[in-house]
Amino acid sequence: MERNELYPVFLKVSNLKILIVGGGNVALEKLTFLLKSSPSARVEMVSPMFREETIALADKFRIKMYVAPYDKSFLEGKHIAIATTDNVPVNEQVYHDCRARQILVNVADNPPFCDFYMGGIVTKGNVKVAISTNGQSPTTAKRLRQFFEDVIPENIDDLVKNLNEYRKTIKGDFEEKVETLNEFTKGLVGKKKE
């Protein structure tokens, strides 16, 4: 069986500068995805045109938009770029410009030109679950996201906060605290049937 070797991380995108190249449907989808998960994300966009819905969303979140063709100068000071145009040579240029500058890049619907994928995300308070299909099937990630939204209880955040308070009362070194919490939370996960 093939194995997903991606390493999952949760980025504080309010501390990073992101550029979205493009102004069409895919750009709107990526912007919506970013802002839904991280409303304080620091995003700029560049495109010769933007959809009305994109402009409205960008205005609501104070996203800086440049009505212009892509140029590598827009990458100045950026940490992440997302290319979403329907122009393959432009998307590939974004990729190559990012690689030359050591900027993480995602070219929508082009896995070989991606340093990362934007998978499905479920958020319930402080609990966030990210789902990846290794770029193979965004639809599967979407369905799994819907499944987890249904099965993760709405009050999961209460559990997290209560465990955090309990953690503060535990004595001992790091290893002892982890062992105590592991023992305390063992009942949260059902045992597999043999």
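Predicted model: local features only at pLDDT ≥ 70, side-chain atom pairs only at ≥ 80, totals over all residues.
## Reading the model

Helices (H or I, at least four residues) and strands (E, at least two) are DSSP runs, numbered from the N terminus.

Residues are numbered from 1 along each chain as its sequence is written, and side-chain values use heavy atoms, with hydrogens and water left out.

## The whole chain

Let's start with the big picture. The chain holds six helices and seven strands, and from the N terminus on they come in the order β-α-β-α-β-β-α-β-β-β-α-α-α. Taken along the principal axes, the C-alpha atoms fill a box of roughly 55 × 40 × 30 Å.

How many of the 194 residues count as buried? The share is 33%, where buried means under 20% relative accessible area, exposed over 50%, and partly exposed in between (1.4 Å probe, protein chains only). Now for contacts, meaning heavy atoms within 4.5 Å: of those in the chain with a separation of 6 or more, 54% are between residues 24 or more positions apart.

## Helix α3 and what covers it

Helix α3 takes in residues 88–101, which is 14 residues. From its first C-alpha to its last it reaches 20 Å, close to the 20 Å expected at 1.5 Å a residue; the expected span is 1.5 Å times one less than the number of residues.

Which residues of α3 are buried? They are Asn 91, Val 94, Tyr 95, Asp 97 and Cys 98. An α-helix has 3.6 residues a turn, so residues three or four places apart point the same way. What covers the buried residues of α3 includes the strands β1 (17–21), β4 (80–83) and β5 (104–107).

## Two helix pairs

Helix α1 (residues 25–37) packs with helix α2 (residues 52–60) at an angle of about 25°, their axes 10 Å apart. Here the axes are lines fitted to C-alpha atoms, for helices over the stretch in contact, and angles run from 0 to 180 degrees between N-to-C directions. That angle makes α1 roughly parallel to α2; angles under 35 degrees count as roughly parallel, over 145 as roughly antiparallel, 65 to 115 as roughly perpendicular and the rest as oblique. The crossing of α1 and α2 is left-handed, which is the name used if the near helix is turned anticlockwise from the far one by less than a right angle, with right-handed if clockwise. On the α1 side, Leu 28, Leu 31, Thr 32 and Leu 35 make the contact, and on the α2 side Glu 53, Thr 54, Leu 57 and Ala 58 do. Sorted by type, the residues of this contact are five nonpolar, two polar and one charged (Ala, Val, Leu, Ile, Met, Phe, Trp, Tyr, Cys and Pro count as nonpolar, Asp, Glu, Lys and Arg as charged, and the others, Gly among them, as polar).

Now for the other pair. Helix α5 (residues 156–169) and helix α6 (residues 174–185) pack at an angle of about 140°, with axes 10 Å apart, and are therefore oblique to each other. α5 passes α6 in a right-handed crossing. Leu 163, Tyr 166 and Arg 167 of α5 meet Thr 180, Leu 181, Phe 184 and Thr 185 of α6, and the residues of this contact divide into four nonpolar, two polar and one charged.

## Loop residues, buried and exposed

Back to Arg 62: its phi is near 55°, a positive value in a residue other than glycine. Arg 62 is exposed, with a relative accessible area of 79%. Gln 102, in the loop between α3 and β5, has a positive phi too, near 60°, and Gln 102 is exposed at 76%.

Some loop residues are tucked away. Asn 134, between β7 (127–131) and α4 (138–151), counts as buried at 18% relative accessibility. Leaving aside neighbours within four places in sequence, Asn 134 is in contact with Glu 2, Arg 3, Asn 4, Leu 6 and Tyr 117. Ser 38 sits in the loop between α1 and β2 (42–47) and is buried, with a relative accessible area of 18%. The C-alpha atoms of Ser 38 and Lys 12 are 8.2 Å apart, although 26 residues separate them along the chain.

## Out on helix α6
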